[in-house]
Amino acid sequence: MGTENPVLTHPDVRRWMAAAEQVADFEQLRTEIPALLHEAPRLAQVARRYWEPGEARPGLRDAGPMLAPDLPAQIDSLGVALLRVHETLQEELLRHVSERGLWERSRHVLAELRAVLEFVRVTLEVEEPLAGLERYHPDELDLHELAEGLAAMAFAAESHRETFEQISGPAGPLIAEAEALSDHLRQLRASLIATRPVIQSLTLFRRRLALLLRARIRLLHAAARYVYRANPTVLEHVLGGPFPTAGHEARRAAQVGLKRHERQYPRHLPM
C-alpha cells in the first residue's frame, strides 16, 4: 500500500504495515471493529497493572515465554493504528456520501425518529424494543452505524406505531424513508469499497490490523484464564465486561486510550 495518505505516516500505523501484509485474506474477523477499539486500551492498561506478580497473586508474565514482554504495548499500539485507519476510512466514505446529499437527510430523519421514540418510551414506560436506541446519536455515528441506526429506529417506530402516531401524526412516510435511506447507505458503502482504490486499500488494511489486534487480545485473554484460574476476582477484572456495540461509545474509550498511549509511547521502534 502506498504512503500517499497522511495516516500511513503515523508511527503506530507504519509499525504494523509489514505485519499486516502477512495476514491471510481468507481469515474471518468475526469481531466488530468498535469492540476491538474499546478493548485494546482497556486491556493494555490492565495488563500492565497485572504483568508483574503481586502480593498473594501471580503476574501475567508467569504465563511463560508464549507471552512477549511487550505484548501490552503491542496491543496499545495496534489499537492506536486501528483507530487512525478506521477514522480515516470513515472520513473517505462520508466525503462521498456528503457529495450525494444523503448524509444530512439521513441524520435529520434519524434525529426525528429518535426524538419521537424517546417520547414513546417515556409515555409507555417500556424499554423493548427501545432499549439501546440512545446510542444512535446523529452527531456521533459513522456511515455503517448511521445505516444501522436508521433501520433500528424504523423497526422500533413500527413496533410502537399507534403511540408514535398519537405523538407525531402518520408514521408510514417517515418509517419508509428511514428504511430506504438505510438501504441506500449500505449499498453506497458497499459500492464505494468495491470501486474506490483508496477506500479499498484502507478497508483491507483496517481488516488486517483488526485481525492482528484480535489475535493478541485472544492470547492475553487465554493467558489470564490460565494464570488466574484460581483467582476469579482478578480474572474478571482482567477480562472485563461485554464489549460495547455502539461505535461512538467505543471510539470515546479508544480516544482516551490513544491519549494515554501517546503520552507514554511518543515513539516506537519497528516491530
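A salt bridge is a side-chain nitrogen of Lys or Arg within 4 Å of a carboxyl oxygen of Asp or Glu. Side chains of opposite charge can pair when their charged atoms come close. The close-ups below come from a predicted model. The structure holds twelve salt bridges, among them R95–E92, E158–R161 and R161–E165.

**View 1. R161 and E165 pair within helix 7.** Their side chains form a salt bridge, 3.2 Å from N to O. That is within the 4 Å limit, so the pair qualifies. Helix 7 covers residues 161–168 and holds both partners. They sit four residues apart, about one turn of the helix. E165 is partly exposed, at 31% relative accessible area.

**View 2. E158 also meets R161.** The side chains of E158 and R161 form a salt bridge, with N and O 3.0 Å apart. E158 is partly exposed at 38% relative accessibility. R161 is partly exposed too, with a relative accessible area of 29%.

**View 3. Shared partners link E158, R161 and E165.** R161 takes part in the bridge to E158 and in the bridge to E165.

**View 4. R95 and E92 pair within helix 4.** The closest N and O atoms of this salt bridge are 3.1 Å apart. Both residues lie in helix 4, residues 71–99. Three residues separate their positions, about one turn of the helix. E92 counts as buried, because its 17% relative accessibility is under the 20% cut-off.

Notes: Residues numbered from 1 in each chain as written. Predicted model: local features only at pLDDT ≥ 70, side-chain atom pairs only at ≥ 80, totals over all residues. Heavy atoms only, no water. Helix = DSSP H or I, 4+ residues; strand = E, 2+ residues; numbered from the N terminus. Buried < 20%, exposed > 50% of the residue type's maximum accessible area, 1.4 Å probe, protein only.
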